[in-house]
There are 2 protein chains.
Amino acid sequence: MKTESLSNRVSKTSSASTTLADNVFNQIRTAIVKGELIPGSKVNEPQLSRQYGISRGPLREAIRRLEGCKLVEITPHIGANVISLNRSQTIEIYEIREALESLACRLAAEKSTPKDCHKLRELLTAHEKQIQSENGQLYYQKEGDLDFHYLIIQLSGNARLFTILCEELYHLLRLYRVQTSSKPSRPERAFHEHHQIVDAIENKDAELAALLMRRHISNARKTLINQLDIE
Amino acid sequence: MKTESLSNRVSKTSSASTTLADNVFNQIRTAIVKGELIPGSKVNEPQLSRQYGISRGPLREAIRRLEGCKLVEITPHIGANVISLNRSQTIEIYEIREALESLACRLAAEKSTPKDCHKLRELLTAHEKQIQSENGQLYYQKEGDLDFHYLIIQLSGNARLFTILCEELYHLLRLYRVQTSSKPSRPERAFHEHHQIVDAIENKDAELAALLMRRHISNARKTLINQLDIE
DNA sequence: GCACTCGATATTGTCAACAATAAGTCCGTA
DNA sequence: TACGGACTTATTGTTGACAATATCGAGTGC
């Protein structure tokens, strides 16, 4: 209440939630994903409770939710630390993504209506225009890539799949990008792959769609590994 | 402290944890998975805090962890309810299992040492003896099936994969079995499939291992669907 | 008899204080 | 100077009380 000072407005997301715990959960989560809370650092309860102007009760509930999302690690009697992903852990996540998004793509191809396909096409052409007007490099950085993947996962119709990918793994990957300040840079290639994937979905070729998505993410993984090897 | 009466000992798991919240989290989780807390029912905080002899603070943290495992659903200002899986939600989980365990199997085939393969063989032969001595039907019910899958996931070496499958999805499936009191009944067929999988892993044929595992779980899914259609 | 409102009760959300554990500091000794 | 131990401080764990919201039931009007 009193110390609304400088760092209180960490993010704009959902300032008016129904409960303080959920509210501050969202705020801290975006703070972590944006890199404002640096990976590996300690999550100090008294400090955060002052910062957000709430008591430690709901704050601890929020931290427990963050633990569930695997964004912090809690050690009993010591406290929580913001997760820090190393090289192999990131590769692990990409392996899982490969399997799950391949599945999502197959399901999407099976279930998608012409209207859905139209939305996918629209998304791609919108991104294409953006690329042309902004000289290409911003496709990934503006997360147009993620938009595309989000939509396919939604089209899969598997709600739990959406939760695992979009509510858990993607946040972790976003964190990693901030952590290593890595700029994914293979826009035109990825863009071509995206078009192939939509083609397969439109043709209702589920197996091909799954294969293409798997290869798409596998390529991203290999790019990441090479990038890590260089550094 | 005072009301240790009848329903206090809900489970035997981990009575001496380091913190009350973690302790009661484990207890409630097993209670849910065992069906002692029936799916869909309300999670009453005052009642549970009396039952476990703790205050509502750590209890609420435990509930938030359960929310993270997707074992309860929390509605603001209303409370938590034990999750209840319907038919389609269960199929969703099986779809995810199919993708993830297929991945696990491929990784296991790539990384497994001869010693690992030996352990797998031992597990299978041990189960085989058990089947012969107990007339078959108990293989699944004693969770020998899960032992097998657990071991392969461990051999995959992907820690996050292990977490997602063994710490989250499996608990949900176990809950569903209790909920519908369904007894998986295709022991000899599944057993044959298990043997094939180990063969592939031993031969370092990662693609085949992945394929077989995917089919193995796909069969289980189809069996489940048929079973549900009958009822 | 039915629907609606209002009040009583129970449950959830939040807080501030206390207890227990860990971390840091200062001091003495070898 | 380096090491170890007691003391101090800070942080986490836990509790009970209070506030806010939702649920249930009785009573009233139609």
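Leaving aside neighbours within four places in sequence, A:H195 is in contact with A:R121, A:L124 and A:E128. A:H195 sits in helix α9 of chain A, which covers residues 187-202. The model is predicted. Chain A superposes on chain B by a rotation of 180 degrees. Twenty residues surround DNA strand D, and 18 surround DNA strand C.

**A:H195 and A:L71**
- How far apart are A:H195 and A:L71 in sequence and in space? The two are 124 residues apart in sequence, and their C-alpha atoms are 33 Å apart.

**How the two chains relate**
- The rotation that places chain A on chain B has 0.0 Å of shift along its axis, and the RMSD is 0.1 Å.
- Such a relation is that of a two-fold axis.
- Which C-alpha of chain A is nearest the axis? That of A:G68 is, at 2.2 Å.
- Both copies use the same surface, since 100% of the contact residues of chain A recur in chain B.

**Helix packing in chain A**
- Helix α4 (residues 87-111) packs on helix α8 (residues 159-180) in chain A.
- The angle is about 145 degrees, and the axes are 11 Å apart.
- The crossing of α4(A) past α8(A) is left-handed.
- From α4(A), the contact includes A:R87, A:I93, A:Y94, A:R97, A:L100 and A:E101.
- From α8(A), the residues in the contact include A:L161, A:I164, A:L169, A:Y170 and A:Y176.

**DNA strand D**
- The residues that come nearest to DNA strand D are A:K42, A:R56, A:R60, B:L20 and B:S55.
- The side chain of A:N44 places an N or O atom 3.1 Å from a phosphate oxygen of DNA strand D.
- For A:H77, a polar backbone atom is 3.0 Å from a phosphate oxygen of DNA strand D.
- Which elements each supply at least two residues of the surface near DNA strand D? Chain A gives β1 (42-43), α2 (45-52) and α3 (56-68), while chain B gives α1 (20-34) and α3 (56-68).
- By class, the residues of this surface are 9 nonpolar, 7 polar and 4 charged.

**DNA strand C**
- Closest to DNA strand C are A:L20, B:K42, B:R56, B:R60 and B:H77.
- A polar backbone atom of A:S55 is 3.0 Å from a phosphate oxygen of DNA strand C.
- B:V43 has a backbone N or O atom 3.4 Å from a phosphate oxygen of DNA strand C.
- An N or O atom in the side chain of B:N44 is 3.1 Å from a phosphate oxygen of DNA strand C.
- Two or more residues of the surface near DNA strand C come from α1 (20-34) of chain A, and likewise from β1 (42-43), α2 (45-52) and α3 of chain B.
- The residues of the surface near DNA strand C divide into 8 nonpolar, 6 polar and 4 charged.

Definitions and conventions. Residues are numbered from 1 along each chain as its sequence is written. Chains are lettered from A and ligands numbered from 1 in the order in which they are written. This is a predicted model: local features need pLDDT of at least 70, side-chain atom pairs count only at pLDDT 80 or more; totals for chains, interfaces and linings use all residues. Side-chain values use heavy atoms; hydrogens and water are left out. Copies are superposed by least squares on the C-alpha atoms of residues with pLDDT of at least 70 in both. Contact means heavy atoms within 4.5 Å. A residue is near a molecule or strand if one of its heavy atoms lies within 4 Å of it. A polar contact is a pair of N or O atoms within 3.5 Å; within protein, one must be able to donate a hydrogen and the other to accept it, and residues adjacent in sequence count only if both atoms are side-chain atoms. Helices (H or I, at least four residues) and strands (E, at least two) are DSSP runs, numbered from the N terminus. Ala, Val, Leu, Ile, Met, Phe, Trp, Tyr, Cys and Pro count as nonpolar, Asp, Glu, Lys and Arg as charged, and the others, Gly among them, as polar. Axes are lines fitted to C-alpha atoms, for helices over the stretch in contact, and angles run from 0 to 180 degrees between N-to-C directions. A crossing is left-handed if the near helix is turned anticlockwise from the far one by less than a right angle, and right-handed if clockwise.
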